[in-house]
Structures are given as structure tokens and as C-alpha cells.
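This report walks through selected parts of one structure. Please keep the sequence and the 3D view open while reading.

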Amino acid sequence: MIPRKAREALIALLGANGYLDRGEDLALYEYDGGVDTGRPELVVFPRTTEDVVSIVNITRAHDVPIVGRGAGTGLSGGAIPLAGGVMVAFARMNRILEIDIENERAVVEPGVVNLDITLAVKGDGYFYAPDPSSQRACTIGGNVAENAGGPHTLAHGVTANHVLGIEAVLPDGTLFTTGGRERELPGYDLTGLFTGSEGTMVLVTKIIIRLVRAPEVVKTALAVFDSNEDCGRTVAGITRRGITPAALEMLDGVMLRMVEEATGAGYPMDADAVLLIELDGVREGVEEQMEQVRAACEATNAREFRIAKSAEERELLWKGRKNAFGAVGRVSPFYYVQDGVVPRTKIAETLRFINGVSGKHGLTISNIFHAGDGNLHPIILFDMRKPGDMEKARAAGAEILRYCISVGGSITGEHGVGIEKMELMDKQFSQETLDMMCRFKKLCDPDSRLNPGKVLPTGSGCMEIRQPPLTEGSTIY
Amino acid sequence: MISPEAKQELAALLGPRGYLDQPEDLTLYEYDGSVDFGRPELVVFPRSTGDVVEIVKIANRHGVPILGRGAGTGLSGGTIPLEGGLIIGFSRMNKILEIDLENERAVVQPGVVNLDISQAVDADGYFYAPDPSSQRACTIGGNVAENAAGAHTLAYGVTANHVLGLEVVLPDGTVFSTGGKEGDLAGLDFTSLMTGSEGTLGLITKVVVRLMRKPEAVKTVLAIYDSPEDCGRTVSEITARGITPVALEMMDGVMLRLVEEATNAGYPLDAAAVLLIEVEGLKEAVEEQIQQVIEVCRKTKAREVREAKTNAERELLWKGRKNAFGAIGRASPTYLVQDGMVPRTKIPETLAFIQDVAERYGLTISNIFHAGDGNMHPLILFDKRKPGDQDKALRAGFEILEKCLEKGGSITGEHGVGIEKLPMMMKQFPPDSIGMMQKFKGLFDPEWKLNTGKMFPAREPEAAAH
């Protein structure tokens, strides 16, 4: 429950248009891109860093939990409040504050949409490299919190490689900065530490990002396979030749058929798998590399190898990939996107395992993923209205993740731990490491007030667990 | 003071050959590659992570300050004890534990020499990218502590980009692992926190490094100039064309003359500056890029552009660069290497300022640096035996660093803050940033006894104990 005094102070701070508190409005903020839900009691929209500091101080004085939110496209429940409280939504802090092309950087507010950054610097021949598939909606603040990846992070690196510095607010109201405008600054790499801390340590109010020169040439190809396994083996074949594509995305048969029906991107309906390969760089290098990639695909029995001949063709191939989740939505009312990582060399056998899990639980599972770094996204289709289906989906997902760990991988490649994978953390990390994370959490947030109940397993004895308020209409699992 | 009991426990743990305590031995551990000095009371040599844990626990029981040491080639005093105490030397933990080429990584102990990693995987067509000029001596543990860079980090990134995971012993004796074989993909990124923490958060006992495939082709070019400004403009022009050389090293006239006399690398004695440019990648791409580079050099008035035609020629061009500091040693008994960063676009004006500083202080200052990222290394020659000379050199160095900051740069590009630049941290960072670092230091090392006096000032009340 938010005490009346806190509510009044927040309303006075932000004005009539600066908050939402009616049931029908709050319902829009109780979900994200994942399967968890949790309703905030109040959503506030700061306009400046000072607003954020004030919000933090007001809520602290009344011991009210807080959660940050960007566009709510996250896939692990990072922006879902598990204990009611105040949601700090950054949608109104959406300005690009500074673009410095000469020094290849920009300063932005957390509510700036990812793709908008690239659009702002495209004309100068630059782009912002980390490109989550949700980039037309997701915001940079959320990207930083989750250390977002994307198809092009294979060559360019994840968000952490593109953040030079941040300004942030601790749960006790302290405003501070880490890093700065230059790369490799002295002092502790706290920027690196906070990037990917999933909104549990600080609220980010400003980000200094690195811009990358757009490559001279980009070439995209689609390789078509009659066997999932051949496709999986191709990935190792390409990297063995010393080629690091800008992107290497695999879609299995189930997925590509759903995508083709929705987007008409040109994926052959009868294929067992396709590989979308993109190379960028200087012209001569790219042409040479593309020939090597063709050879690698032919060596693993690709039945077709198609190079996009124009920008439109390339856009179409990518349209399929980037709208995959939307395509799934046409087929199944609900789906559960998993996110695990396995060593590249274990992709084929992991796909076999996933196939087995699908059969075992009687659920359709389609695969789409960043093959270049072994980051899998099994998409488990289910129907929440059927009793027991959700549990089956979760169980299938957990089985797959445990398998990923067992072959030397990780429980998340890019979507974060959030709510859904919390209880698997002790399978991946030792107790000492979890204790360390706990100590950090306590250092930044001794009262467990910021985004409570995420990332660290409840059994680790780390934090007091805040009980969610039993308000009518809340749907908390 | 290390008590006799503490010493006994350590001797019992490590055996008579596992430590040094005689004054003549300890003097060898009181300096590094910089100008600071500090003598330890005891140096111990663990052979395993377990040894390190026991050493830390013994030190805790007896209130002994501790710090780690690799090869002692550091340039900012990171491994100099300021309060006596114990040095933990990692030279006996020098094994490459595992090489996994399929997954492009290796697991190594902290005492492994940097270049030895590349040599171990060379025949298979791989290498370890971060290449400090001291790589034939420096160790990976030290590289991680300082987030070491080198000539080739322009294209490949610094050490932090090549560390997938660590095993660390904390000041309270806890062993914990960060990252892993796939890198840090879940939880908090402790690997990046540890890398570059200059030995102040924990002792590194294992490193998982990323290996890279050797490029198909490499081409090296030496461009010779009659003016440092022209040389500086070449750098901007190359990057403006979107070419990323794997290395872009500049030497001014003073430096190249010192280097040529020592190494006969072929640098012309009457040049005002030279630029060593290296491009790597696929054969076709390299051909194309090197032609573009040569074109740029001609456009910016290089008086000569020399392409290395054989591996031997390439080695010779690099020999000059990599042995620069050694070459200085022939000309001056002592020298101070500064390490400042400026935005690439400000290189020419910074060079002019350095020249001005040299004149005002009456000191010879030569320049060698990683032009591609604006990381300057003014080398200030002085004679320690002359009273006041070291002081002058230090002050000149600080003036240069302040100018770097003023131009929007940084007080260190790669050598670390360590001892000498600690006061300048407050000029680079606002109090709230320093406050955060102190907070994290306090979390790892509540008693502030690991590598005390480095990097940033101690927090007020707790530090009073020392």
C-alpha cells in the first residue's frame, strides 16, 4: 500500500499528467514481453533526473518499493512489480541530448527508443550497434539494464560494449556517474557492473553510448537446408574458417513456416531449417568472405544459397527474422520464449534435445536463434486457457535450460534472469558467487526496495522478501 | 611489521624455497617499471589457489597488509607496497591449464607470460590479442589487474575484451568465480569489475582468456614525415575513411632517433615523425586498405612511405617500436613514462603543448604513442642523481596530464592510476564517482588492507587505522 502522504507528494511533484492510478490504466503496466505479470499501485512519469531523485526520496521516506520501466518489451519480467509499489516509467525522458560524431558518441535519456538513435546518426554514416529485434519499440534504459543483445551483436558485442558511461540514482537517493566520454577510463568498471544489473541496483537517468561507423558494404544471404542438423553444423563450419559474420541467425522448419505465412519474406515452406547470414566490411573482404560462406554451406548440404541482390531483398529477409515473434502470435494465443546459451559446437545436439522435450510434453517448440554465439530461443507454444498448459510450458523451458547448463552454457544469453530464471541461478553459479551478488545488492539497496524479487534466488537467504499486496484484480503468479 | 608467528606460518605453508626475506632479495621487489619504490617485508610464492587462500587467511589473522605481483613490469606502481607487508608473487603459478581451440579460449594461471599464450596456440593459427610492449615478460594476472592494452588493441580491444572469466581470492579468503567459459551472461558482471581494478579488490588466481584466429594477411607500412602535424593529420584522415588499422603507432623525431641508434630498425634520423601502420584481415581486404593508407599518407605529405615486403622487414619495423623504452635507457639513466589520453582529433595540439612543456622545464621529452586512440606516451628524460630533476620530471608529467583532461581526455590510457596519479583522479572524476568506487572497495575489502594507497583516496574514518 502506498501511504497517502507519499501519493500526494508524488502527484504534487509530477502534476496531473505525470502519473496513472486508475485500475484500467494500471492494467497496461502489469505485463511485459514475458509470461509473468504483476500490477503496480501507481505509475509515475519523471521528466528529468531531478524528478527521479525526488521520486526515489519520497518513496524511500515511506518505504515504498519501486521498479523502473522502459517500453515494457522485456522478456524476463524485469519491469514487472512483484510487490506493488510505484513504477517509474521513463517514457517521458526520451531526448537525445547530444550527438558527437567526431568522437563517435552520443548522450541520451533512458526513454529513447533504440532504433531512433541509429536513425538520428544514419545520415552521418553511423549507427548504434546493439539491435534487439524489438528495437523499434524498446528503449535504451531497458537495454542497459538487461545488457541487451541482438543479431548484430555477434560481431559488434552486446550493450555493455557500447556504453561509455551512465548517470544513475541509488535507492537511497544518491545521484552518481560512472565512466565518461572516453573508452577505457581509469577506476573501477562500475559501468560494466551496472549494465546488465536488471534494474535491481540503480535507476539509470542518462547514458553515454558509443556510435559505430556504418560498414562500406553489407551482404546478406539465405542458406536453405533439408536437415536441422546440417544447418547447425554449418555454424561451426563458418567460424572454423575464421569468419565472423555480422549476423548469423537460424530458424528451424516450424518457425520459418510460421514466419513465411505472416510476412511473405521468401522462406521456402518445405525447408527443415534456414540460416540467415550477414557480412559487412570493405567490399573486397565481404565478397571474398561470402564465397567462403557459400562453400561452408555447400559442404554441409545446403540445398540452396541465395544472396540478396538489393536493399529491398535484404530488408525482406530480415523482416522475416525480426517479426518472428509476431508471426508466432498468429498461430498460438500464447507462447513462451526461452533464452539459453550453449557452446557453438553443441548446437546440433541441443536442438535434438529440444525436439525430445517437445515430444515429451506434447507442446510445439520452434527454434530461432543467434547461431553465431549459441544463443538459442526455443519458442514454446501453449494455450494458457487450457488448465495445466502453462505449467507444462514452464517445465519444458526449465528442462531445456538445465540442459544448456549441463553442456557448458548459460541460462540466459540476453533476455536476463528477471523472475523466470531466478530459481535456476544456483545451478549456474556457486554459492560464493551468489553471495557476492547478494552483497552487492545489499550495498546498493539495503532495504530491498528497488525491483524486489528479481535475479537472486529466494532461497539464498539474501534479502527480505516483500510480500505482494493482496489488492483486488492483481494477477501475480 | 610482520610478526615472527606470521612468518613461521607462511614458511611452514610454503617451505624454505617458497618465500624471500633477506634484504638483498627484497630489494629486487621494491620497484616496478615506474619511478615509485616501496620495500616489502616478505615475498611469498604460492603454487596454487589453495596456497593463496591460506596466505590471505594467515595475513588476516596477523593484520598484515598484502598485495599481488606478476612480473613487476607495471608502469604506475600497482605492485609497489607502500606499507611494507607481504607481496604475493605469482611467478610459480605459471601454467597454461587448458587450451580449447574449438571454443576459442584457454584457462591460464596468473603467472603465465602474455606472449607465451600466443606462442602456445600459434601453430594452430590462433593468438592472444592484447599485446603490451612488455609482453615477453609481463604476466596475464597483471594484465587483468591493469586492464592492459598494447599496440594492437586499437582494433582488437583491451584486456577486458578478452577475459571471459576469472577465479579470484577475496581479501577475506573467499574464492569466487566470475564469468566462465562463455563469458558473463547472467547475474552481475564481476569480470569487468575485477579487470582493471589494479589489484585492489582481489587476487586473481585463474584467468579464462579468449583466443582469436590469426588473420589471413597482414601488411605493415612506415610513413615518414617532416612535420608532426602532418603525421597527426594522417591519423584523422585514415579514421575518417573508415579504415581501422590493427595498429597505428606514432614516434616523434626525438624518439625515433633514440630508437634507431639502439635498434637499427631503419628509421631515418632526420625525420620529424614516423607513423607505423598495420592492417590485418583477409588478403583482398588488406591489399585494398593498405593502398588507401598509402594514398592518405601521400596526401598528408609523408615524404616517404615504406611497405614491409617480407616478414623479416615487418619484424624490423616493429622491433624499433617495441624496444623503444629500452632504447631510451641508453640515452638517459632515468626516465618517466606518462600515459594520457586525448580525443584523436586533439593529437597535434597536444604534441605542441608537450613541446612547450619540454622547453619550459628544460627537459627532453620524446613522444611515442597509440595514435589510433589518442593514447599518448610522452617520455620525460631526467637524471635521478641530479637533485630536483625527478621532481621537475614529475611536475612536467602532471602538467601534460592536466592538459589531457582539459582537452576532454583521461589521465591514463592503459598504465593505470596506481600511486602517482591518485591525486589526479579527483580532477578527472566528480566526488560522487569516487564515492561509488570507495563504496565498492569497502565491500570487497572492509579493512582496506589489500594494495593500500592505490587508485583513489581511502574513505575517511576506516582508513584512519592505517
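Two residues are in contact if their C-beta atoms, placed from the backbone, lie within 7 Å. The structure shown is a predicted model. B:Arg69 belongs to strand E3 (residues 66-69) of chain B. Setting aside neighbours within four places in sequence, B:Arg69 is in contact with B:Tyr29, B:Thr79, B:Ile87, B:Ile88, B:Gly89 and B:Phe90.

A residue is buried if 20 or more other C-beta atoms lie within 10 Å of its own. B:Arg69 has 26 C-beta neighbours inside 10 Å, so B:Arg69 counts as buried.

## Where two helices meet

How do the H10 helices of chains A and B pack, and at what angle? Helix H10 (residues 283-299) of chain A and helix H10 (residues 283-299) of chain B have axes 7 Å apart and an angle of about 175°. Angles over 145 degrees count as roughly antiparallel, so H10(A) is roughly antiparallel to H10(B). On the H10(A) side the contact is made by A:Glu284, A:Gly285 and A:Glu288, and on the H10(B) side by B:Glu284, B:Ala285 and B:Glu288. By type, the residues of this contact are 1 nonpolar, 1 polar and 4 charged.

H10(A) has 17 residues, and its first and last C-alpha atoms are 25 Å apart, close to the 24 Å expected at 1.5 Å a residue. Its buried residues are A:Gly285, A:Val286, A:Glu288, A:Gln289, A:Met290, A:Val293, A:Ala296 and A:Cys297. In chain A, these buried residues pack against E12, H8, E14 and strand E15 (304-307). In chain B, they pack against strand E14 (273-281) and H10. After H10(A) comes A:Asn301, with a positive phi near 70°.

## The wider contact between the chains

The contact takes 53 residues from chain A and 54 residues from chain B. On the chain B side, strand E9 (175-179), helix H7 (190-194), H10 and helix H16 (431-444) each supply at least two residues. H16(B) gives the most to that side, with 8 residues. The residues on the chain B side divide into 22 nonpolar, 21 polar and 11 charged.

B:Lys441 lies in helix H16 of chain B. Is B:Lys441 buried or exposed? B:Lys441 has 21 C-beta neighbours inside 10 Å and therefore counts as buried. Leaving out residues up to four places away in sequence, B:Lys441 touches B:Thr200 and B:Leu201.

## Helix H8 of chain A

Helix H8 (residues 228-240) of chain A has 13 residues, which should span 18 Å at 1.5 Å a residue. The C-alpha atoms at its ends are 19 Å apart, which agrees.

The buried residues of H8(A) are A:Asn228, A:Asp230, A:Cys231, A:Gly232, A:Thr234, A:Val235, A:Ala236, A:Ile238 and A:Thr239. What covers them includes strand E12 (217-225), strand E13 (247-252), strand E14 (273-281), H10 and helix H13 (347-361) of chain A. Just after H8(A), A:Gly242 has a positive phi of about 75°.

## The nonpolar core

In soluble globular proteins, nonpolar side chains tend to be buried together. The largest nonpolar core here has 277 residues, and A:Val88, A:Val274, B:Val209 and B:Val274 touch the most other members. Not counting residues up to four places away in sequence, A:Val274 touches A:Leu222, A:Ala223, A:Val224, A:Phe225, A:Leu251, A:Leu256 and A:Tyr267.

## Positive phi outside glycine

A:Asp63 is a residue other than glycine with a positive phi, near 55°. A:Asp63 is in the loop between helix H3 (49-61) and strand E3 (66-69) of chain A. With 12 other C-beta atoms within 10 Å, A:Asp63 is exposed.

A:Asn451 is not a glycine either, and has a positive phi of about 50°. A:Asn451 lies in the segment after helix H16 (431-444) of chain A. In contrast to the exposed A:Asp63, A:Asn451 is buried, with 30 other C-beta atoms within 10 Å.

Technical notes
Residues are numbered from 1 along each chain as its sequence is written. Chains are lettered from A and ligands numbered from 1 in the order in which they are written. This is a predicted model: local features need pLDDT of at least 70, side-chain atom pairs count only at pLDDT 80 or more; totals for chains, interfaces and linings use all residues. Axes are lines fitted to C-alpha atoms, for helices over the stretch in contact, and angles run from 0 to 180 degrees between N-to-C directions. Helices (H or I, at least four residues) and strands (E, at least two) are DSSP runs, numbered from the N terminus. Angles under 35 degrees count as roughly parallel, over 145 as roughly antiparallel, 65 to 115 as roughly perpendicular and the rest as oblique. Ala, Val, Leu, Ile, Met, Phe, Trp, Tyr, Cys and Pro count as nonpolar, Asp, Glu, Lys and Arg as charged, and the others, Gly among them, as polar. The expected span of a helix is 1.5 Å times one less than its number of residues. A nonpolar core is a set of buried Ala, Val, Leu, Ile, Met, Phe, Trp, Tyr and Cys residues joined through C-beta atoms within 7 Å.
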